[in-house]
Amino acid sequence: MATHGSNPRTLWKGAISFGLVHIPVALHSATSETGIDFDWLDKRTMDPVGYKRVNKKTGKEIDKDDIIKGVEADDGRYVVLTDDEIKAAYPRATQTIEIEAFVPLQELPFVYLDRPYYLAPSGRGGEKVYALLRETLLKTGKVGISRVVIQTKQHLAALIPSGPALILNLLRWGESIRSWDALDLPAPGAKALKERELEMAEQLVDEMTVHWDPNQYHDTFTEEVMKLVHRKVEAGETEVVTQPESEESQATPSNIVDLTELLQKSLRGGGGEGKATAAKAGTKPRAPARRRAA
């Protein structure tokens, strides 16, 4: 559902990188939560109720300084990791969406799609290169498979053209997808189906086929709850609740550049083998760096 009347907040600034080409972009959320978020309140004071740090064995609350992080190995045994050890394992933070390969869109199963973000050109001179990549992906029917680090977490992602925009859709890792082998699924193909059954099913699908319009579909539960909320507001049935303040992190922008010469150099260098060094406006990129170990 599109949100009108507000400018989307920039979540991250950096660049798309393929071959020797860098495209400066800004990342914007493409979705918003539309369900009902029921907050917990103390009915005696109308104060917000948060989560407590509770020892599951004793039931007693403990201080945050007494909490350490552990990973279960086997038989209830845990490996304890320090904050420094965990921090050392974080992926190197960059402001680059590194495209590692292009694959046909139809080969990307929907089950891998996780969270979409809008990418928009950022800085001066990025519009043309942005449009070049978008139109090339549309024409070839390909998507760019890439890695990106957002808030210290590494993600696999697909760069997908959609209308005037490039969508960065975070992907689930392969090990996160459960196999369907254990499910009792009918074999692919129509051998067990009668021709007449297929004809009638196709006719029904044709009769129900429409153009996609997301505005035709609504969360009716949310609508009914909000109607009740509005009636209570109009009746003056409200309470004053003071919410704690939240902090928003700001991303650091990066500067990037050029086009035709970079494309030519990328092709001479074997397509995706070259990784551009950080390019600054008005300067030509140096020779591509070595391929990073997988």
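The following numbered points comment on a predicted model of one protein chain.

1. Overall make-up. The protein chain contains 5 helices and 9 strands. Read from the N terminus, its elements follow the order β-β-β-β-α-β-β-α-β-β-β-α-α-α. The student may wish to trace this order on the structure before turning to single elements.

2. Confidence. The protein chain has a mean pLDDT of 76, and 73% of its residues reach 70 or more. Confidence is highest in strand E9, at 94, and lowest in helix H5 (residues 260–268), at a mean of 75. Over residues 1–5 the pLDDT is below 50, and this stretch has 1 contact in the model beyond near neighbours in sequence. Residues 273–294 also have a pLDDT below 50; beyond near neighbours in sequence, this stretch has 30 contacts in the model.

3. Surface and contacts. The accessible surface of the protein chain is about 23,300 Å², and carbon and sulfur atoms account for 53% of this area. Of the 294 residues, 22% count as buried. Among contacts in the protein chain with a separation of 6 or more, 65% are between residues 24 or more positions apart.

4. Strand E9 and its burial. How many of the residues of strand E9 (residues 165–171) are buried? The count is 7 of the 7, so the strand is largely enclosed by the rest of the structure. In a regular strand, side chains alternate between the two faces of the sheet. In E9, Ala165, Ile167, Asn169 and Leu171 point one way, while Leu166, Leu168 and Leu170 point the other way. The residues of both sets are buried.

5. The partners of E9. Strand E6 (residues 113–121) pairs with E9 in the antiparallel sense, over 6 bridges. Within this pairing, leucine 113 stands opposite leucine 171 of E9. Strand E8 (residues 153–162) is also antiparallel to E9, and 7 bridges join the two. Here alanine 157 has leucine 170 in E9 as its bridge partner. E8 and E9 form a hairpin with 2 residues between them. Glycine 163, in the turn, has a positive phi of about 60°.

6. Helix H4. Does the length of helix H4 (residues 220–234) agree or disagree with what its residue count leads one to expect? At 1.5 Å a residue, its 15 residues should span 21 Å. The end C-alpha atoms are 21 Å apart, which agrees with that expectation. Just after H4, glycine 236 takes a positive phi of about 80°.

7. The aromatic pair. A search of the whole structure finds 1 aromatic pair. The ring centres of tryptophan 212 and tyrosine 217 are 5.7 Å apart and the ring planes meet at 15°, so the pair is stacked. The reasoning rests on a cut-off, because planes under 30 degrees apart count as stacked. Tryptophan 212 is itself exposed, with a relative accessible area of 70%.

8. Threonine 136. Threonine 136 lies in helix H2 (residues 126–140). Its relative accessibility is 39%, so threonine 136 counts as partly exposed. Threonine 136 and proline 161 are 25 residues apart along the chain, and their C-alpha atoms are separated by 9.2 Å.

Terms used. Residues are numbered from 1 along each chain as its sequence is written. Side-chain values use heavy atoms; hydrogens and water are left out. Rings of Phe, Tyr and Trp (its six-membered ring) pair if their centres lie within 6.5 Å; planes under 30 degrees apart count as stacked, over 60 as edge-to-face and the rest as tilted. Buried means under 20% relative accessible area, exposed over 50%, partly exposed in between (1.4 Å probe, protein chains only). Helices (H or I, at least four residues) and strands (E, at least two) are DSSP runs, numbered from the N terminus. Two strands pair if DSSP finds at least two bridges between them. The expected span of a helix is 1.5 Å times one less than its number of residues. Contact means heavy atoms within 4.5 Å. Accessible areas come from the Shrake-Rupley method with a 1.4 Å probe; for residues, only the protein chains shown count as cover. pLDDT is the predictor's confidence in each residue, from 0 to 100.
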